[in-house]
Amino acid sequence: MKKTYKIRLTMQRTAFALYAVLIIVMATATIVEDTCGTAVAQNHIYGAWWFELLWALALICSLPCVTSHLRWAKRLIKRMGNHRKATIVLLLLGISLTASATRVVKRAQADSMIRQQVVYNGRICPLNTPARDFVLKLTGSTSWRDLTPEQVILSWALYPEDWKDVAMIRVKKAALRDMLGIEGRYAKFADFFDANGNYKLRADQFPDIDERLTLIVLATKGELFRPLPEGLAPISQRRISAELLYNAVPWDIILFASCFTLAFFIFFIKISKHGNKQLTIVFRILTTILVLLLVLSLGLRWYISDHIPVSNTYETLQTIALTALVIASVSRRYAAEALLVSAATLLVAHLGALDPQVTPLMPVLQSPWLSSHVTTIMISYCLFAMLLFRPNRAMLIWAEALLGIGIILGSVWAKTAWGTYWSWDPKETWALISFLIYMYPLHPRILPWFQHEKHLRLYLRLAFLTILMTYFGCNYLLSGLHSYAG
């Protein structure tokens, strides 16, 4: 019996060593693919005999772990009450933002155009939407001085010669302001060109500035949006009203500020030990209101876009925030941590270089697998983020299981979209790396180092770097089939 146990233990530890080698190889391969091309990575790493041999040996040595996990799952199901089983079933079923000499369009005239239906970003929407996006991109705010977005965009379209000398293009970098010779945070369109009309900056030197100047050119040429053509049916006034409501409310700011403030008060009460049942009820009610507010925001976005809002970085961040808020509303123990996760993701969505525009889905995203795959992955990311604050093996098991399910659903989707279950795309590879990284602390008996709470806490915080690499790094640093997500 002892001999059998030693053999099993040796096989399991060998499997973990092989997985560690595979993690390093796969991480290196994504960098090789980005620098040397996909063909090089496919021919010399992913398609190499030694890489396949490593996987085969790792899987063979993992067999003892698989049998023990199956026995553990069977015991867990037996211990669970009916109400907990029902909760899990429901959870699984649920996974499936002028100078006096400058001519300006009058306020009354601009306001009469707010509900005017136009074609923008491949879809029909009210003029308020492109106007709001235009001003937000240029100035960092949804309004400029005392002018409405409609006044700004229509004035640019009608009087471009006047507006090219209006300082309203936000310049964040001090080095760029020095290059342009401007004072303050805003530059004129004319500041970016010399006396001969030549562009002062190098191509792609400042992509965010290039994008803003391109928007201005498109607006002045009448190409940023166009009137609804004849023969194209207009959308309902109800949908127009929904989009105007969505545009009018600063959802991210309200939700972020509320989550952060509520988390602060919960932490304060825990430290001061003044908590009571009445306060707990009040906090739960407030958290539930925040959940409903975020659901309303996502619901409006879903209604006006005609697809579930999980198709880009901005939307998936909000999905993570919603998951954290739901946890905060039902869990007293993790309420503060969950609220902080929600606040952080909402802040990143609002302040980061993300695009909150509502756009139609790309053909590859028009799949019934979209909602189940992305939602499952986002819930797992939320749970991994919560592990940063308080290590919890039960939560780690759920996070790892959901990540695994999400990877499987993604591979089925990949088969329907690209004809193959797995193509070693950087995002696929890093998702697998994350799964393997978080697998280690689930086996403290085989790897005794993880039995110490301090070691586990340190490891989980470092492991979250792989989630950040999967979510942000693969979108903005590495190129691949998932690049549409950024």
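Colleague: How many of the residues of helix 15 are buried?
Modeller: This is a predicted model, in which local features need pLDDT of at least 70, side-chain atom pairs count only at pLDDT 80 or more, and totals for chains, interfaces and linings use all residues. Buried means under 20% relative accessible area, exposed over 50%, and partly exposed in between (1.4 Å probe, protein chains only). Helix 15 is largely enclosed by the rest of the structure, because its buried residues number 16 of the 18.

Colleague: How far does helix 15 reach from its first C-alpha to its last?
Modeller: Helices are DSSP runs of H or I with at least four residues, strands are runs of E with at least two, and both are numbered from the N terminus. The expected span of a helix is 1.5 Å times one less than its number of residues. Helix 15 covers residues 313–330, and its reach is close to that expected span, at 26 Å.

Colleague: Let's turn to the sheet. In what order do its 3 strands stand?
Modeller: Two strands pair if DSSP finds at least two bridges between them. Strand 1 (residues 117–120) pairs with strand 2 over 4 bridges and with strand 5 over 2 bridges. The sheet is open with antiparallel pairing, and its order is 2-1-5.

Colleague: Which residue of strand 5 is the bridge partner of V118?
Modeller: V118 stands opposite C125 in strand 2, while V119 stands opposite I124 in that strand. Looking to strand 5, the bridge partner of V118 is P227.

Colleague: Which residues of strand 2 point the other way from R123 and C125?
Modeller: In a regular strand the side chains alternate between the two faces of the sheet. In strand 2, R123 and C125 point one way, and these four residues are all buried, with the other way taken by I124 and P126.

Colleague: Which residue in the hairpin of strand 1 and strand 2 takes a positive phi?
Modeller: This hairpin has 2 residues between the strands. The positive phi is near 55 degrees, and the residue that takes it is N121.

Colleague: At what angle does helix 12 run to strand 2?
Modeller: Axes are lines fitted to C-alpha atoms, for helices over the stretch in contact, and angles run from 0 to 180 degrees between N-to-C directions. Helix 7 (residues 128–139) lies across strand 1 and strand 2 at about 85 degrees to strand 2. Helix 12 (residues 237–248) also lies across strand 1 and strand 2, and its angle to strand 2 is about 70 degrees.

Colleague: Is helix 7 roughly parallel or roughly perpendicular to helix 8?
Modeller: The axes of helix 7 and helix 8 (residues 149–158) come within 8 Å and cross at roughly 85 degrees. Angles under 35 degrees count as roughly parallel, over 145 as roughly antiparallel, 65 to 115 as roughly perpendicular and the rest as oblique. So helix 7 and helix 8 are roughly perpendicular.

Colleague: What is the relative accessible area of S141?
Modeller: S141 is found in the loop between helix 7 and helix 8. S141 lies 9.8 Å from R170, C-alpha to C-alpha, though the two are 29 residues apart in sequence. S141 is partly exposed, because its relative accessible area is 31%.

Colleague: Which residues does V374 contact, leaving aside its neighbours within four places in sequence?
Modeller: V374 is found in helix 17 (residues 369–386), and V374 is buried, with a relative accessible area of 10%. Contact means heavy atoms within 4.5 Å. The residues in contact with V374 are V310, T316 and W413.

Notes: Residues are numbered from 1 along each chain as its sequence is written. Side-chain values use heavy atoms; hydrogens and water are left out.
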